[in-house]
Amino acid sequence: MASQLICSETQSRVSSVLNRDVKQFGKKFMFDCNEETCWNSDQGDRQWVLLEFPQSVKVSEVKLQFQGGFSAKACRLEGCRKDGDFTELSQFYPEDNNCLQSFPIQEAPTVDKVKILFENSTDFFGRIIVYSLDILGEKTS
């Protein structure tokens with residue numbers, strides 16, 4: 001059965017933060033379960049989120065909640081083992097709205113890191129706003 005893979009030991013990185021204001025728009029706000037807070041990227045193409053899990057995982061689902069008008073038109077999920085190169089696991093196409101959206105991932109291999117690339121933002125300047133991000137799947141040994 002799939003469970004939440006993001007935990008307090010999961011390390012995260014993002015491509016950018018709006019005006020470098022991590023206190024107001026930092027990456028931690030994607031994981032705090034608070035509807036009032038969010039990660040807000042700075043402008044520019046190809047924004048991304050990188051997650052490194054404390055143990056190997058198999059991803060079965062990605063859940064994202066964007067702010068309408070600041071979502072990605074296309075997303076690419078990549079994964080790799082600890083010291084390996086990233087390979088594409090899946091592509092998905094979010095709707096431009098405020099709803100929590102779910103994207104099943106078919107037959108993903110075991111990985112230690114995942115990277116979500118946000119391509120073609122609906123915002124003219126390329127900004128992405130994510131209120132919630134969750135990765136579901138199973139931990140492997």
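Predicted model: local features only at pLDDT ≥ 70, side-chain atom pairs only at ≥ 80, totals over all residues.
The UniProt record, an unreviewed entry, annotates residues 34–121 as "domain: SUN". In the model, this span is 60% strand and 0% helix.

Five salt bridges are found in the whole structure. One of them pairs Glu88 with Arg76, with 3.8 Å between the closest N and O atoms. Glu88 belongs to strand β6 (residues 87–92) and Arg76 to strand β5 (residues 72–80), so the bridge ties together parts twelve residues apart in sequence. Glu88 is partly exposed, at 46% relative accessible area. Arg76 is buried, at 15%.

Arg76 also forms a salt bridge with Glu119; here the closest N and O atoms are 2.8 Å apart. Glu119 lies in strand β8 and Arg76 in strand β5, so this pair ties together parts 43 residues apart in sequence. Glu119 counts as buried, with a relative accessibility of 15%.

A further salt bridge joins the side chains of Arg127 and Asp123, at an N to O distance of 2.8 Å. Arg127 is partly exposed, at 23% relative accessibility. Asp123 has a relative accessible area of 9%; it is buried because this value falls under the 20% cut-off. Through shared partners, salt bridges join Arg76, Glu78, Glu88 and Glu119 into one network.

Asp123 sits in the loop between β8 (111–121) and β9 (129–139). Leaving aside neighbours within four places in sequence, Asp123 is in contact with Gly69 and Phe70.

Key. Residues numbered from 1 in each chain as written. Heavy atoms only, no water. UniProt positions renumbered as here; feature names shortened; annotations may be inferred. Helix = DSSP H or I, 4+ residues; strand = E, 2+ residues; numbered from the N terminus. Contact = heavy atoms within 4.5 Å. Salt bridge = Lys/Arg side-chain N within 4 Å of Asp/Glu carboxyl O. Buried < 20%, exposed > 50% of the residue type's maximum accessible area, 1.4 Å probe, protein only.
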